[in-house]
Amino acid sequence: MRHVAVILVLAALAHSAKLPSNFLKCNRKQPDLKECVLKATRDAVPKMIRPYKEVNLPSLYPLEIPSATLYGGSGTIALDQHYKNCKIFGFERPDIKQFEFDFEKKTLTVAIFYPELQQNCDYMMDGKILLLDIKGEGPSVITLFNNTVDCFLKYEEVKKNGKTYMHFVDSKLKMEPEKVTFRFDNLFNGDKALGDNINAVLNDNSKEVFADMKEAYVETVNQILIGLINRFFGKLSIEEAFD
Ligand SMILES: *[C@@H]1O[C@H](CO)[C@@H](O)[C@H](O)[C@H]1NC(C)=O
């Protein structure tokens with residue numbers, strides 16, 4: 001079953017690019033490659049508060065997602081969640097624990113802790129959560145606190161014009177937020193009393209609500225991450241990314 005549909009602004013065709021000059025470069029033969037790549041990643045991500053067009057990266061402050069739909073859900077959730085014009089804050093402030101390539105096995109293992117990820121979108125929903133009718137459209141904010149993200153990616157090598165590009169074909173993502181809060185404005189055509197009431201119930205039961213939307217949510221984040229990584233490594237060959 002298809003759980004999500006995410007639209008990212010798609011990448012232009014790959015043409016060899018160089019690593020931005022303010023990014024650190026590692027040598028694949030250096031003995032402490034693992035530490036070097038982790039350091040380079042930790043150094044680079046906070047710089048991505050502006051786009052790096054030359055390597056096809058959008059600004060992470062905020063990361064803009066034109067549209068995402070989370071289909072269905074499990075347990076208490078019986079509705080599709082339609083989100084548009086999303087701005088996600090917090091991707092630019094990760095605590096990166098691991099960012100490790102295995103060039104033999106063609107894998108990338110990532111472990112990141114995000115203290116706060118805040119997703120601001122226009123939402124549209126009509127259905128049930130926790131057996132409550134939920135209907136509305138308007139601005140929404142979903143915030144994930146102390147979010148532990150683990151991701152395992154596999155890539156294939158694609159040769160183009162004598163260079164080797166990593167094309168990521170598979171990724172498995174796990175996400176464990178410590179706390180989630182919801183705010184859906186303008187529920188029920190702006191019936192404030194009812195809307196406040198529903199928001200309070202969602203937040204009082206946020207663990208359960210998030211657990212039931214988690215599969216689709218994780219899949220969405222997974223598509224966003226693999227999209228970003230493929231944009232970058234679709235432009236930047238292994239030979240240019242590393243010495
Ligand atoms: C997040 O973790 C920090 C440090 O452990 C803690 O002080 C804070 O209360 C946590 N925040 C939430 C919302 O759980």
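In this predicted model, helix 3 is mostly covered, with 22 of its 30 residues buried. The helix is not straight throughout: at Lys214 helix 3 bends by about 60 degrees.

A search of the whole structure gives 14 aromatic pairs. One of them joins Tyr61 and Phe89, whose ring centres are 5.8 Å apart; the planes meet at 80 degrees, and because an angle over 60 degrees counts as edge-to-face, the pair is placed in that class.

A second pair leads back to helix 3. The rings of Phe101 and Phe233 have centres 5.8 Å apart and planes at 85 degrees, so this pair is edge-to-face. Phe101 comes from strand 5 (residues 95–102) and Phe233 from helix 3 (residues 206–235), so the contact ties together parts 132 residues apart in sequence. Here the two side chains are covered: Phe101 is buried at 13% relative accessibility, and Phe233 is buried at 6%. Both residues belong to a cluster linked by ring pairs, which joins Phe99, Phe101, Phe103, Tyr155, Phe168, Phe232, Phe233 and Phe242.

Aromatic rings also meet charged groups. The charged end of Arg50 sits over the ring of Tyr52, 3.9 Å from the ring centre. In another such contact, Lys179 lies over the face of Phe145, at 5.8 Å from the centre of the ring.

Pro62 lies in the loop between helix 1 and strand 2.

Asn85 has phi near 50 degrees, a positive value in a residue other than glycine; Asn85 is placed in strand 4 and is partly exposed, at 47% relative accessibility. Asn186, likewise not a glycine, has a positive phi of about 65 degrees. Asn186 is found in the loop between strand 8 (163–184) and helix 2 (192–204), and with a relative accessible area of 39%, Asn186 is partly exposed.

Technical notes: Residues numbered from 1 in each chain as written. Predicted model: local features only at pLDDT ≥ 70, side-chain atom pairs only at ≥ 80, totals over all residues. Heavy atoms only, no water. Phe/Tyr/Trp six-rings, centres within 6.5 Å; stacked < 30°, edge-to-face > 60°. Helix = DSSP H or I, 4+ residues; strand = E, 2+ residues; numbered from the N terminus. Buried < 20%, exposed > 50% of the residue type's maximum accessible area, 1.4 Å probe, protein only. Lys NZ or Arg CZ within 6 Å of the ring centre and 35° of its normal. Bend = angle between axes of the 7 residues up to and from the residue.
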